[in-house]
Amino acid sequence: MESKYTPADIEKKWQQAWAEQGLDQAVENADQPKFYALSMFPYPSGNLHMGHVRNYTITDVIARVRRMQGYRVLHPMGWDAFGLPAENAAIDRGIHPAKWTYENIDQMRSQLQELGLSYDWEREVATCAPDYYRWTQWIFIQMLEMGLAYQKEAAVNWDPIDQTVLANEQVDSEGRSWRSGALVEKKLLRQWFLKITDYAEELLQDLDKLPGWPERVRTMQANWIGKSTGAQVVFTTEAGDELPVFTTRPDTLWGATFMVLSPEHPLVEKLTAPDRVVTVDDYRKQAAAKSEIDRTAEDRDKTGVWTGSYAVNPVNGAKIPIWIADYVLMGYGTGAIMAVPAHDQRDFEFARKFDLPVTVVVQPEGETLVGDTLTEAWPGEGVMVNSGPLDGVPAGKGEGESVAAAIQWLEAQGQGQGEANYRLRDWLISRQRYWGVPIPVVHCDECGIVPVPDDQLPVTLPEDVEFSGRGASPLSQLEHWVNVPCPTCGRPARRETDTMDTFIDSSWYFLRYTDAQNPDQAFDPAKANDWMPVDQYVGGIEHAILHLLYSRFITKVLRDCGLLSCDEPFQRLLTQGMVQNVTYKNPKTGKYVAIDAIADPQNPVDPETGDALEVFYEKMSKSKYNGVDPKAVLAKYGADTARMFILFKAPPEKDLEWDDADVEGQFRFLNRVWRLVTEFMASVGASGTGTSPITPETLSKDEKTLRRAIHTAIQAITEDIDGDYQFNTAVSELMKLSNALNDADSKDSPVYREGIHTLVLLLAPFAPHLAEELWHQLGDQDSIHRAPWPEFDPSALVADEITLVIQIMGKTRGTLEVPADSDKAALERYARESDIAKKYIEGQDIKKVIVVPGKLVNFVLAK
């Protein structure tokens, strides 16, 4: 038996034993209730950080408890392995992205295993592996055949020096390329999209099916989908081209005095008059160099140019000028708006700047508004004026009678129709990069777009690629890879050279885990439907919109393919808080200073300048020099201590402030537990470690008190875990139970034995290695993680006696142990007969006695 707690030896020993036993492999058994616990899988950057440790520890505790509660648990791990960093590594270091990625995976897998996380490693997936992305390609083809995948022209970030497409994260805050420093332009390229908008209404409505998600996340998704109701109206150009617009205020159509198109609108060139070409082209170049945030900022000066052309307002036949302005984005709506300056502030400011007419068509009842004298737009509803057949229509309540009347008139006249519109845009998945999933289609002059046949999947990435960061996509430069025969007609064709957005890889990985080794299907529907939906998903709030929304979308698509029976992928969602650390910053230079460079934390100064530093807590980050390396913590304290601190320091959904002293505190606590159990073993010997039946009526007062503490802990910790995962209070309950056992006098009692066993069982999900070691020292042969979770005995929580407080004139003078079932009269009698009363009351008149049942008796004396 170990005399000292040595986490390094214990943890390595049990990690190896668990792996050999296959302890954490998911069991396929329909007779047993299932629980699918999942953490968002990481990008394999090469090193775990404390945010990873927190996320994975939270999910691991949930998984371990559910196993002990009798569930068959699926708790897998994998790698979101495609992406830009690997390609950048190839450019900067001359190492192939695959080699860099798989080396990082090996390193991070080892780090995860050192944490004692109960993953079923038999189900490990890496999204960059051909046996995974084969099925990503297959899913794409299903969507192509369903009409959900299509190509159209769309704007991309274009580096004019390197002649390459840039991801948004490769464009700095000044709109320049990260590599060449060139001002980035917007350029139209044919891009692949997925029609997520076909599911917009269902994605919005089904948020009501997710009560286990944080309200904040559901609201963020609802706002991103952005449903609004109004009317679709078609304006026409003088040449007869249609310009459809959507408006939530069709009652203001008669006040549209000009139109504004996005500079990227496909009709701009056709609409530009010969004498306006230079002006329009210059403006379009300026707009292309600006970010969307800059273009749509409310407080910026409005800019724009007239094309020289006109459109016809369909409701009154008025000829109105067509302008272009950078605040209209091609990616939102139709890329064209009707401008009603009297009733929209942005349009009003634009009209005033460029001396365009302002026509009032809605005004408050009983007031008269005049366009020429307005100082700001009137955005409210009211009585329609200057609106032809709808003059005098009053605003109703709610959505407004004037809006409803305008939609009814438009539909009757065939000029437009009422409809819902969504802020959500179709999902642009094209990436002009190498390290991603090749889009599995070929382009044939005869047959058009042809999907690669299933028996030719996966379309694998070629390895003989040169990475320069310049020019077109590396794939497009490999003629031997690009040029292939058409699968349909056999004539020469060309592969698609775009790869897919990496969000596609992560939008279905949770389904592959249910049948990860299947070589013939993305997953067996029977297995997926057995495990799905995920019962508990854990990840960062930064994924609240895109990843979660795309996963919901793909789940619904695969349901409609007949592969899934669930509508939603994640039943409960926990968004864990960030891990923060003390941070030092020089307010004069704006530079951060590393923690280990601070000589005196009580009086921190910049070691280079001597300036006093600002001190605050901020998310751990390399750029802030405030990170804590998990490897260092594990080397000094062990994984169990790291886990205990992470769980104890803050509720899982709150931010956690790192504190070395608290880490040390958890290490001391685990040492106390070690001593409790090993001292118990030493006192009773191996033959006396087992539990024995307890007869409550024969227990002494001290034994009943200890047993109440034991079962209080079981009840409280179970409620903390089964409810909102309040692990911090659960760890506090473990400490209370440890203290109760430490203070107990009857250490040879069967109740004490029960307490020792219970403490170790309750500790198992939190500190799995230490618990396993102590469990075996207590004589159990099987793993503690296969042992049943303890259940509390309600009768043990009932106290035979209570502590009655005795007060004289409201001041506490002492306490008295009395029967718990005493009524008010009995409590008063016990108090009057007590030595305390005799000491303080004898010889005095009692004016009044106040009895609070179960708590106190207060004697009010006559003065």
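Which strands do the buried residues of H11 pack against? The views below start there, in a predicted model where local features need pLDDT of at least 70, side-chain atom pairs count only at pLDDT 80 or more, and totals for chains, interfaces and linings use all residues. Residues are numbered from 1 along each chain as its sequence is written, and side-chain values use heavy atoms, with hydrogens and water left out.

**View 1. Helix H11 and its strand neighbours.** Helix H11 spans residues 345-354; helices (H or I, at least four residues) and strands (E, at least two) are DSSP runs, numbered from the N terminus. Its buried residues (under 20% relative accessible area, 1.4 Å probe, protein chains only) are Asp-347, Phe-348, Phe-350 and Ala-351. Down the axis of H11 they fall within an arc of 165°, taken from the directions from the helix axis to the C-beta atoms, so they line one face of the helix. They pack against strands E10 (258-261), E12 (319-324) and E13 (336-339), where contact means heavy atoms within 4.5 Å.

**View 2. The end of H11 and what follows.** After H11 comes Asp-355, with a positive phi near 55°.

**View 3. The open sheet E6-E5-E7-E17.** These 4 strands pair in the antiparallel sense; pairing requires that DSSP finds at least two bridges between two strands. E6 (164-166) and E17 (427-428) stand at the edges with a single partner strand each, so one side of each lacks a neighbour in the sheet. E5 (residues 149-159) and E6 share 3 bridges, and Trp-158 has Val-165 in E6 as its bridge partner.

**View 4. The hairpin of E8 and E9.** Strands E8 (residues 227-237) and E9 pair antiparallel over 6 bridges, with Gln-232 opposite Phe-246 in E9. Among the 4 residues between the strands, Gly-240 takes a positive phi near 95°.

How values were computed
Buried means under 20% relative accessible area, exposed over 50%, partly exposed in between (1.4 Å probe, protein chains only).
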